[in-house]
Amino acid sequence: MLNVYDILETIRMIQDECLDIRTITMGISLLDCIDTDIDKACEKVYNKIVDHAKNLVPVGQQIEKEYGIPIINKRISVTPIAMLAAACPNQNPVKFAKALQKAADTCGVNFIGGYSALVHKGFSAGDMALIQSIPEALDVTQNICSSVNIGSTKSGINMDAVKLMGQIVRQSAERTADRDCIGPAKLVVFCNAVEDNPFMAGAFHGVGEPDCEIHVGVSGPGVVRSALAKYPDASINELADIIKKTAFKITRMGQLVGARASKELGVPFGIVDLSLAPTPAIGDSVAHILEEMGLEMCGTHGTTACLAMLNDAVKKGGVMASSTVGGLSGAFIPVSEDAGMIDAAVAGVLSLEKLEAMTAVCSVGLDMIVVPGDITPETISAIIADEAAIGMVNSKTTAVRLIPAIGKKEGEILEFGGLLGSGPVMPIREKSSAKFINRGGRIPAPMQSLKN
Amino acid sequence: MKAVVTVIGKDNVGILHKVSGICMEYNANVLEVTQSVLQDMFAMIMLVDISAMSADFAQLVDRMDNLGKELGLSIHTMHEDIFNSMHSI
């Protein structure tokens, strides 16, 4: 039975606390579009995406209206394009990126993710060509996202790929220097990438997934913060309970929207991703939740502990609210996309090292961090290697999305606008890691991989 | 199928009349109304049956939105499923 308090609570969450569905993401397999003629393959890719996703945006809008809940993005994830590129040797894979962009424009979606390669144990046909084409692909398209998986707990870390990705991230920033270095903001380097992630820039449709499915990513840091604000004197375990209850409600909404979208589109329901995804909007910050718990500013001592508790409580609350939980599921800490993180970074309280520690206890990794324009590719690679090592040893997903701010130095600000926000250039260590990175090879899989 | 219409804002003459008038126009039967006026603030929650509506639910939502703008009130029209799923197991 509905009661007045519950109704008003829901309306307040949506109206005042920025509760929203961050994304409905349709995963589409492109395995049946493989062709040795790249132009034919691109045509099949375009046709398949448009055929499956033409109603995604209208259905999303209809659900928004019916339930009165904003759905911020409608997105598509596809099979890693390197697998399609493998069939077309000596061809420029950027043609696929252009075909994806055309499909994105036709369907009216915000992003298509999956300009990706999985090279955690080594490069197979198509992988190298695709990775090398990433800077161009992200330069000539607007709504295409790219990711590369360079390590996993089972296989270790492919250090040749780590070295290459340092160069690719830098090249991508250089090619888009006239547009606030937007290129690398659409590129994620993963360890233990998941196959059903609805969130960009790291979404792709794994080969173990069905032909087509619908995933939902929920949001709601503002709701959690306001719930905690009502209990200024509660103990930590009481706070954990409040977060669990709030996460349950948020996730139920995601489950409802996902189930409805799946029914309307005639596509199986994949997963709900239980993530707390911030936006630069005031009142939609993960950093402010941590500050509500009692930190003067995010990044100070105690931040990792607060984040660990938050991340765990979100999962515990959400897992019962959804029939299938998946994706990344945890709290996100993208610096430029979170008003509280931006403030803490500008104040010098939140450092790269603290962020690295935080990634050990939450999803996902060093995300949307602006680094000085003169950073070397080897230093980028070394940061990627550090982060991948945390993921590999802890059997969790970690990712790196660094933006070298070409022409800018520590303390200056890079502005992206929209959901990507703005970020101060953060200091990095001066000493070189070049010799380590240039060794190449592979970091062997850790003992944790031997579970059988 | 039911929907919940909530109206919050400054009290005025004829709010209930105008909201229920729109419901009648779309053949949405009003099942329950709770209303309170605290000082100058008007708050009403209305449960309506939308299973026999004469038009799309989206049209009703738009009409209510426009009425809210016209009267300077905050009017939300939402399918009951969202409240049921968020607040009950």
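Author: What follows is a set of questions on the terms, each answered from the values.

Author: This is a predicted model, in which local features need pLDDT of at least 70 and side-chain atom pairs count only at pLDDT 80 or more, while totals for chains, interfaces and linings use all residues. Residues are numbered from 1 along each chain as its sequence is written, and chains are lettered from A and ligands numbered from 1 in the order in which they are written.

Reader: How many helices and strands does chain A have, and how many has chain B?

Author: Helices (H or I, at least four residues) and strands (E, at least two) are DSSP runs, numbered from the N terminus. On that basis chain A has 15 helices and 13 strands. Chain B has 3 helices and 4 strands, in the order β-α-β-β-α-β-α from the N terminus.

Reader: What makes the radius of gyration of chain A agree with that of a compact globule?

Author: The radius is taken over C-alpha atoms, and the globule rule is 2.2 Å times the number of residues to the power 0.38. For 452 residues the rule gives a value near 22 Å, and chain A has 21 Å, so the two agree. The C-alpha trace of chain A spans about 65 × 55 × 50 Å along its principal axes.

Reader: Why is A:Arg439 called exposed?

Author: A residue is buried if 20 or more other C-beta atoms lie within 10 Å of its own, exposed if 12 or fewer, and partly exposed in between, with C-beta atoms placed from the backbone. A:Arg439 has 10 other C-beta atoms within 10 Å, so it is exposed. A:Arg439 lies in the loop between α15 (434-438) and β13 (442-443) of chain A. From A:Cys33, A:Arg439 is 406 residues away in sequence and 38 Å away in space, C-alpha to C-alpha.

Reader: What makes A:Val393 partly exposed?

Author: The count for A:Val393 is 16 other C-beta atoms within 10 Å, and therefore the residue is partly exposed. A:Val393 is in helix α14 (residues 377-393) of chain A.

Reader: Which residues does A:Val393 touch, not counting residues up to four places away in sequence?

Author: Two residues are in contact if their C-beta atoms, placed from the backbone, lie within 7 Å. A:Val393 touches A:Pro446 and A:Gln448. The C-alpha atoms of A:Val393 and A:Gln448 are separated by 6.8 Å, although the residues are 55 apart along the chain.

Reader: What share of each chain is buried?

Author: Buried residues make up 61% of the 452 residues in chain A and 29% of the 89 residues in chain B.

Reader: How much of the contact in chain A joins residues at least 24 apart?

Author: Among contacts in chain A between residues at least 6 apart in sequence, 80% join residues at least 24 apart. In chain B, residues 24 or more positions apart account for 68% of the contacts with a separation of 6 or more.

Reader: Why is α5(A) called roughly parallel to α6(A)?

Author: Axes are lines fitted to C-alpha atoms, for helices over the stretch in contact, and angles run from 0 to 180 degrees between N-to-C directions. Angles under 35 degrees count as roughly parallel, over 145 as roughly antiparallel, 65 to 115 as roughly perpendicular and the rest as oblique. Helix α5 (residues 94-107) and helix α6 (residues 127-140) of chain A pack at an angle of about 25°, with their axes 9 Å apart. That makes α5(A) roughly parallel to α6(A).

Reader: What makes α9(A) and α11(A) oblique to each other?

Author: Helix α9 (residues 236-265) and helix α11 (residues 303-319) of chain A pack at about 45°, with their axes 7 Å apart. The two helices are therefore oblique to each other.

Reader: How many residues does each chain bring to the contact of chain A and chain B?

Author: Chain B gives 18 residues and chain A gives 17. The largest share of the side of chain B that touches chain A, 6 residues, comes from α3(B).
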